[in-house]
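Biologist: I would like to learn how to read a model like this one. Please take me through it feature by feature.

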Amino acid sequence: MNGTENKRVYLLPEEGNLYKTNLHSHSTISDGKFTPEELKKFYTEKGYHAIAYTDHRACVPHPELTDENFVALTGIERAFSFGTATTVHVCGISRDPAFTWEIPDEKNMDIGVINAAIREMNEKNFITTLNHPRWSALSAELMAAIQGTANMEVVNGYEMKQDGYGDASALYEMELRRGMKYGPLATDDNHRRKADGTPSYEYFCGFTVLKAKELTYDALIESLDTGAYYASTGPMIRNLWLEDKVLHIECSPVCAVYVHGRKFKYRAAAIHEQDDIEVLDINVESLCDHSDYLFINITNTRGEKAWAKPLWFE
């Protein structure tokens, strides 16, 4: 563990507030069915504190929507065709709230062009995410070739509800074991509305909770940059730290806590029949001794899950 044995290492910061966010959304600026203002209304009614407006090919700031209770994050989504049956989509959240950018349609791109586009986004100061890998039909070979994104979606509401794919956590763990250091995000990728004018079923499915000092644009960006977040479809993680090879978690009631590493034979778990785990200390000595990272996920009896950003040992 290289010096972390005898000190407390926080997987979520000790101080700060928890802010519920949707980091992949579409409005009428591209192919979404609701205006940016309407999206703010729907999401704040559900307890969200921020939305990343990631419209296709258009990075449009919405400073008029930010107030003391809500932050509008500036973003964009780029889509690339790769062959006849695969597509690669990448979201970017700008560290500059005033950044604007419009780009043309992007089609029939090879992996070199795609990776160059990701580098361009990183150079333009975006936090980048590889989107909906199952919906995109990304093979293991193609995922191994994609370079430069900071995060990967383990949950995408559109791919879950529209196509019934479930979460992509198995693909995510495969990437971790391959050596990628993606952070896990859960998003909605919301587009549509019902006939009665209300949000369709891909809304309010997955969310990313950021732990930040305050509800401001810069503080939320800092949380993304420093890994102070987790992805969820329901459970909440309040505190999470490692000390003396014991993992401590405080969370909303769940029935199971799983801790994985690079080698499957070294793992730890606490599994109950009821949602009665709220505070837990779990020995992860074998993982600390035989893996270069820890990856924690929790679940409740309704099948809702949460995934913490992995702790990598230096």
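Modeller: Start with a strand pair. Strand β15 (residues 256-260) and β18 pair in the antiparallel sense, over 5 bridges. Two strands pair if DSSP finds at least two bridges between them. Within this pair, Ala-256 has Thr-299 of β18 as its bridge partner.

Biologist: What should I know about the source of the coordinates and the numbering?

Modeller: This is a predicted model, where local features need pLDDT of at least 70, side-chain atom pairs count only at pLDDT 80 or more, and totals for chains, interfaces and linings use all residues. Residues are numbered from 1 along each chain as its sequence is written, and side-chain values use heavy atoms, with hydrogens and water left out.

Biologist: How many helices and strands does the protein chain have?

Modeller: Helices (H or I, at least four residues) and strands (E, at least two) are DSSP runs, numbered from the N terminus. The protein chain has 7 helices and 20 strands.

Biologist: Which other strands pair with β18?

Modeller: Strand β20 (residues 311-312) pairs with β18 in the antiparallel sense, over 2 bridges. There, Leu-294 has Leu-311 of β20 as its bridge partner. Strand β19 (residues 305-308) also runs antiparallel to β18, joined by 3 bridges.

Biologist: Is β18 covered or exposed?

Modeller: First the cut-offs. Buried means under 20% relative accessible area, exposed over 50%, and partly exposed in between (1.4 Å probe, protein chains only). Strand β18 (residues 293-299) is mostly covered, with 7 of its 7 residues buried.

Biologist: Which way do the side chains of β18 point?

Modeller: In a regular strand the side chains alternate between the two faces of the sheet. In β18, Tyr-293, Phe-295, Asn-297 and Thr-299 point one way, while Leu-294, Ile-296 and Ile-298 point the other, and all are buried.

Biologist: And how does β8 read?

Modeller: Strand β8 (residues 126-130) is mostly covered too, with 5 of its 5 residues buried. Phe-126, Thr-128 and Leu-130 point one way and Ile-127 and Thr-129 the other. Strand β6 (residues 86-94) runs antiparallel to β8, with 5 bridges joining them. Strand β9 (residues 151-156) runs parallel to β8, joined by 2 bridges. Follow Thr-129 of β8: Cys-91 stands opposite this residue, and Thr-129 stands opposite Asn-151 in β9.

Biologist: What is the strand order in the open sheet of 4 strands?

Modeller: The order is β1-β13-β14-β17, with antiparallel pairing. The edge strands are β1 (9-10) and β17 (277-283), each pairing on one side only. Antiparallel strands β1 and β13 (residues 237-243) are joined by 2 bridges. Val-9 stands opposite Leu-242 in β13.

Biologist: Now single residues. Why does Ser-223 count as buried?

Modeller: Read its relative accessibility against the cut-off. Ser-223 counts as buried because the value is 3%. Ser-223 is found in helix α6 (residues 217-226). Contact means heavy atoms within 4.5 Å. Leaving aside neighbours within four places in sequence, Ser-223 is in contact with Leu-210, Lys-211, Ala-212, Ala-228 and Tyr-229.

Biologist: What about Ser-286?

Modeller: Ser-286 lies in helix α7 (residues 285-290). Ser-286 is partly exposed, with a relative accessible area of 31%. Not counting residues up to four places away in sequence, Ser-286 touches Tyr-266 and Arg-267. Ser-286 and Tyr-266 are 20 residues apart in sequence, yet 5.9 Å apart in space, C-alpha to C-alpha.

Biologist: How do I judge the whole chain?

Modeller: Begin with the radius of gyration, taken over C-alpha atoms; the globule rule is 2.2 Å times the number of residues to the power 0.38. For 314 residues, a compact globule would have a value near 20 Å, and the protein chain agrees, with 19 Å. Along its principal axes the C-alpha trace spans about 50 × 40 × 35 Å. Buried residues make up 55% of the 314 residues. Among contacts with a separation of 6 or more, 65% join residues 24 or more positions apart.
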